[in-house]
Amino acid sequence: MSEAFIKVENVCFSYKDDNDEDIPVLKNVSFEIQKGEFVVVLGHNGSGKSTLAKLLNMILAPASGKIVIDGLDITSDQMTDDEVYSVRQRIGMVFQNPDNQLVSSVVEEDVAFGPENLGVEPEEIRKRVDGALAEVGMTEFARHSPAQLSGGQKQRVAIAGIIAMLPECIVFDEATSMLDPSGRKDVMRAIEKLNKEKGITVIHITHNMNEAVNADRVIVINEGHVCMNNKPKAVFSNVSKLHQIGLDVPQVTELIYELKKYGITLPSDIIDIDEGAEALASLFG
Amino acid sequence: MAELTLKDVSYIYSAGTPFEKKALDNVNISFKSGVITGLIGHTGSGKSTLVQLLNGLLEPTEGTILLDGEDIWKNPKDITSVRFKVGLVMQYPEYQLFEETVRKDIAYGPTNMKLEKEEIEKRVSEAAFFCGITDEYFDKSPFDLSGGQKRRVAIAGVMAMKPGILILDEPAAGLDPIGREEILGGIRTFQRQTGTTVIIVSHSMEDMAVYCDEIVVMNKASVYMQGKTSDIFAQSDKLIEVGLDVPQITHLFKKMRSMGLNVPENVFTVDSAIKATLLALEKRGGAR
Amino acid sequence: MIRDITLGQFFPGNSVIHRLDPRMKIILTVVFIVFIFLAESAVSYALMFLAVVLLLIISKLPLKPVLRGIKPIMFIIVFTAVINIFWTKGDHLLVEWKFIHIYAEGLLFAFYMVLRIVCLITGTSILLTYTTSPINLTDGIEQLLAPLKKIKLPVHEFSMMMSIALRFIPTLIEETDKIMNAQKARGADFTSGSLLRRAKALIPVLIPLFVSSIRRADDLATAMECRCYRGGSGRTRMKSLKYKALDFIFLFITVLMCAGVVLINIYLPVLVV
């Protein structure tokens with residue numbers, strides 16, 4: 001395997017509280033992300049997962065440690081302004097609150113905001129905006145005001161705004177947590193499509209374990225540490241450890257874990273319904 | 001224990017304009033007192049309108065809302081007193097905090113009720129207890145708390161009014177599993193100890209299955225289903241039909257039945273699933 | 001409900017007026033105002049009135065809301081009329097009662113003044129607010145004022161602020177509504193009591209609103225930074241404004257009308273036809 005796309009090495013970060021004391025948020029965090037991967041970062045509120053997102057595109061800078069993106073050390077002092085903007089163009093971010101990230105009162109103008117900042121030619125912006133809106137299924141709302149849209153629709157507009165900057169990786173910082181189930185489904189579908197069809201690397205931060213089931217890899221963060229980093233099946237088979245740090249597992253996994261306590265022989269890496277039904281059916285054999 | 005009944009209630013937004021929209025259409029419903037009722041339905045089904053009607057934030061276009069047999073709009077000037085009896089916790093209630101200290105914020109409702117000082121203090125500490133807010137937080141600024149803590153202070157602020165009916169709109173939205181458990185568990189303890197009628201609006205079927213005794217399903221401005229939680233989730237097909245989801249575990253058992261296994265229909269929590277599986281295996285004299 | 005307040009008077013449409021370049025519309029509005037203040041004789045007043053009626057017709061706006069736009073300035077209209085009717089002296093006395101003297105000239109002046117104000121308001125609102133979306137208007141202002149950047153005026157920042165404000169007005173209204181409801185549910189009373197009491201009752205609404213606005217501003221700033229915003233330099237626009245033939249035709253007509261009025265003032269200076 002070639003060099004990883006994103007390399008995070010021993011990163012530490014702390015906030016200052018009111019008394020000017022350091023409150024550590026991330027402690028020696030290290031991981032790698034390959035190009036085209038779909039990685040879910042799980043962790044409960046306050047585990048430091050959102051801070052991590054802001055470090056990746058230089059909204060925050062780590063206290064120590066190194067972050068390398070495609071061979072470029074973004075934590076070095078010698079980063080020029082142009083390099084900073086190029087990192088932000090390549091690593092897009094979608095945030096939690098759909099209302100607080102839309103700039104314009106017309107959907108298509110909002111999608112154009114990023115490319116406009118990058119100084120892209122007008123005709124090219126037009127093309128990108130139309131393409132991005134089609135990508136997330138919002139073409140018919142191009143001339144609407146965000147105020148007329150539902151949360152899920154606003155969030156898809158926000159995603160279009162990032163796609164129009166032609167990023168290689170998008171970080172979704174709890175982008176689904178304020179949405180209703182149908183909005184969440186639409187947004188998840190859009191995210192998965194971007195990953196599968198356009199090969200965009202996705203880092204999806206959430207505390208909803210159902211959204212982690214289909215990921216290529218799950219990184220679990222707890223109290224500022226990376227405490228698991230593996231395929232979903234392997235991560236979710238640690239039911240007791242996840243419970244300990246306050247995270248859920250899919251209900252199927254939970255059921256099988258509980259049944260095993262009764263001495264029933266079942267595989268421990270089941271995370272979806274079909275596998276679960278198969279495994280349970282074999283008991284009835 | 002308070003009774004809340006809706007008779008032929010309709011609500012129309014922007015009546016008489018081109019934007020007219022019927023949010024509730026001739027709704028007749030009675031909320032069972034002394035239990036936790038879950039109100040479900042997808043966005044736009046009329047849930048939020050219903051909730052705002054129940055405590056007099058909206059006035060029905062047609063029909064009457066009866067609280068303990070009395071029309072809440074009989075004397076419109078007195079609607080504030082209805083709001084004390086039917087407490088409403090809105091979505092993301094942490095954004096309504098404004099006082100200098102947690103104590104004062106929880107006391108805002110009771111103070112508006114013009115209660116005695118001692119009574120207010122008593123209520124504040126009771127409500128705080130149910131919401132898991134310990135004394136050390138009382139003199140802190142609510143703005144210095146974490147998201148989940150703020151949410152609990154806001155809920156305590158409504159509980160402190162000791163309403164006969166407590167309505168909560170998505171009380172656990174956006175919280176992680178621990179935060180959800182803290183809030184919903186607190187509400188359940190509060191309900192069990194005080195006998196208050198509680199109505200919870202939520203999108204999370206998993207939570208509803210665990211915490212609610214009764215379920216009301218809204219669809220297209222009307223009541224679609226009402227009944228015991230186990231009875232409602234036993235009819236998963238009907239729920240899926242109107243675009244609602246059922247807990248994953250219910251899906252699993254549905255799948256197993258379709259594979260010809262003899263497992264029950266009304267499985268909707270992990271606990272009931274464990275019991276049902278063990279029982280089914282026992283019947284088969286199955287693999288232990 | 002507070003949500004019912006309509007903000008911005010923009011009526012979407014696709015008429016000739018709607019399609020004019022916003023910059024040109026601002027210029028036209030200025031010329032139009034000059035035209036109105038130049039008008040001094042019966043013929044030019046008629047011309048002015050005709051121009052507004054024509055504007056209304058080709059803009060395809062519904063008549064009612066346009067007329068309703070006059071309502072807020074009704075006081076000024078009545079005031080102007082009264083002043084002119086009672087304080088103008090002339091040759092043709094119509095009514096004389098105690099100290100009140102009403103002359104025909106007074107009535108005529110009052111009529112012209114009212115006509116002037118009504119034409120001024122409806123004309124400019126048809127040209128600008130009714131037919132130009134706020135965002136286009138902001139763009140127009142920014143580009144018209146662009147030369148001022150040379151003397152270090154923050155024209156881009158100003159227009160960015162305007163458009164963000166426009167974007168967040170509906171959000172803030174919705175939020176105010178929500179917080180008011182939440183406090184009402186806790187027994188707040190915004191409608192009764194003395195003015196002071198009502199003002200005090202708003203504190204539980206204003207503080208949360210303020211706190212959340214700051215949070216929103218913070219979030220938005222981060223989101224804008226993530227989208228590579230770095231002020232106006234090096235920024236392109238998807239829709240660059242371009243003057244079309246239509247724009248110049250309108251400019252030509254308006255300027256012509258102005259010239260016409262000047263000529264009429266010189267050669268036909270009569271008040272009654």
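A crossing of two helices is right-handed if the near helix is turned clockwise from the far one by less than a right angle. Keep that in mind for chain B. And remember, this is a predicted model.

So, chain B. Helix 3 crosses helix 4 there, and the crossing is right-handed. Helix 3 covers residues 102-112, and helix 4 covers residues 117-130. Their axes come within 9 Å. The crossing angle is roughly 120°. Angles of 65 to 115 degrees would count as roughly perpendicular, and over 145 as roughly antiparallel. This pair is therefore oblique.

Who touches whom? From helix 3 of chain B, look at Arg103(B), Ile106(B), Ala107(B), Pro110(B) and Thr111(B). From helix 4 of chain B, look at Ile120(B), Arg123(B), Val124(B), Ala127(B) and Ala128(B). By class, that contact has seven nonpolar residues, one polar and two charged.

Next, the domains of chain B. Domain 1 is 32-60 plus 75-232, and domain 2 is 247-288. Their C-alpha centres are 34 Å apart. Domain 1 puts five residues into the contact, domain 2 four. On the domain 1 side, helix 7, residues 205-211, has the largest share, with four residues. That side counts three nonpolar, one polar and one charged.

Last, chain C against chain A. Chain C brings 26 residues to the contact, and chain A brings 33. On the chain C side, helix 7 (134-144), helix 8 (155-185) and helix 10 (203-226) each give two or more residues. Helix 10 of chain C gives the most, eight residues. The chain C side splits into twelve nonpolar, six polar and eight charged.

Key
Residues are numbered from 1 along each chain as its sequence is written. Chains are lettered from A and ligands numbered from 1 in the order in which they are written. This is a predicted model: local features need pLDDT of at least 70, side-chain atom pairs count only at pLDDT 80 or more; totals for chains, interfaces and linings use all residues. Axes are lines fitted to C-alpha atoms, for helices over the stretch in contact, and angles run from 0 to 180 degrees between N-to-C directions. Angles under 35 degrees count as roughly parallel, over 145 as roughly antiparallel, 65 to 115 as roughly perpendicular and the rest as oblique. Two residues are in contact if their C-beta atoms, placed from the backbone, lie within 7 Å. Ala, Val, Leu, Ile, Met, Phe, Trp, Tyr, Cys and Pro count as nonpolar, Asp, Glu, Lys and Arg as charged, and the others, Gly among them, as polar. Domain bounds come from an automatic or database domain assignment.
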